[in-house]
Amino acid sequence: MTLSDEELVRSVTEFFFTNAEFSTAFEKFTTEKCDIFTDEEENKLDYTAVYLEFQQLFENLMGEHLTSLGTNPQNFYEICQKSEVKAEADSIVDMMLTVMSFDQFVRGMKRFRRAKNMDN
């Protein structure tokens with residue numbers, strides 16, 4: 001089954017926002033890794049190692065999903081550049097880039113650690 005460009009973008013968007021396996025993997029990762037993040041202003045070197053693990057997890061899960069749809073990350077990127085899907089694709093690409101931002105990642109891990117510690 002070959003998906004149209006529009007269907008592919010919609011499928012990736014749905015996967016990103018609603019797939020339970022995808023979100024569970026990140027919840028588990030966050031729970032296991034958040035304790036090294038402190039409220040200090042300066043970023044620790046350890047943060048970079050955890051961030052790289054996070055990126056790898058994201059790329060692996062998204063890559064597996066794209067493969068299951070008969071495509072790959074490079075092809076998906078090229079599809080997102082096409083004018084007929086660009087408006088819809090821009091929002092999901094912007095969201096992915098935000099999630100993949102180091103600064104955003106560190107802020108999120110610090111927030112998660114504080115919330116986790118409040119629950120305990």
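Student: What covers the buried residues of α3?

Tutor: Keep in mind that this is a predicted model. The cover over the buried residues of α3 includes α1, α2, α4, α5 and α6. Those buried residues are Y47, V50, Y51, F54, Q55, F58, L61, M62, G63, H65 and L66.

Student: How many helices and strands does the protein chain have?

Tutor: There are six helices and zero strands. Read from the N terminus, the order of elements is α-α-α-α-α-α. The C-alpha atoms fill a box of roughly 45 × 25 × 20 Å along the principal axes, and 33% of the 120 residues count as buried.

Student: What makes T71 buried, partly exposed or exposed?

Tutor: The cut-off for buried is under 20% relative accessible area. T71 has 11%, so T71 is called buried. You will find T71 in the loop between α3 and α4. Leaving out residues up to four places away in sequence, T71 touches L8, L66 and F76.

Student: Why is the pair formed by the side chains of T71 and N75 called a polar contact?

Tutor: A polar contact needs a pair of N or O atoms within 3.5 Å, one able to donate a hydrogen and the other to accept it. The side chains of T71 and N75 make such a contact at 2.5 Å, so the distance meets that limit.

Student: Why is T98 not simply called buried or exposed?

Tutor: Exposed needs over 50%, buried needs under 20%, and partly exposed is in between. T98, in helix α5, has 36% relative accessibility, so T98 counts as partly exposed. The C-alpha atoms of T98 and E64 are separated by 21 Å, and these residues are 34 apart along the chain.

Student: How do you know that the buried residues of α6 are on the same side?

Tutor: Begin with the list: F105, V106, M109, K110 and R113 are buried in α6. They cover an arc of only 130° around the axis, and therefore they lie on the same side of α6. On the other side of α6, M118 and D119 are exposed. The cover over the buried residues of α6 includes α2 and α3.

Student: Why can residues a few places apart point the same way?

Tutor: An α-helix has 3.6 residues a turn, so residues three or four places apart point the same way.

Student: How do you know that the span of α6 agrees with its 18 residues?

Tutor: At 1.5 Å a residue, α6 should span 26 Å. Its end C-alpha atoms are 26 Å apart, so the two values agree.

Student: Which residues have the most contacts inside the largest nonpolar core?

Tutor: They are V12, F22, F58, M62, F76, M96 and F105, in a core of 30 residues. At least two residues of this core come from each of α1, α2, α3, α4, α5 and α6. α3 gives the largest share, eight residues. As for V12, apart from neighbours within four places in sequence, its contacts are M62, H65, L66, L69, F76 and M96.

Student: What makes C34 and C80 buried or exposed?

Tutor: C34 has a relative accessible area of 0% and is therefore buried. C80, at 2%, counts as buried because that value too is under 20%.

Conventions
Residues numbered from 1 in each chain as written. Predicted model: local features only at pLDDT ≥ 70, side-chain atom pairs only at ≥ 80, totals over all residues. Heavy atoms only, no water. Buried < 20%, exposed > 50% of the residue type's maximum accessible area, 1.4 Å probe, protein only. Core = buried A, V, L, I, M, F, W, Y, C linked by side-chain atoms within 4.5 Å. Helix = DSSP H or I, 4+ residues; strand = E, 2+ residues; numbered from the N terminus. Contact = heavy atoms within 4.5 Å. Expected span 1.5 Å × (residues − 1). Arc of directions from axis to C-beta.
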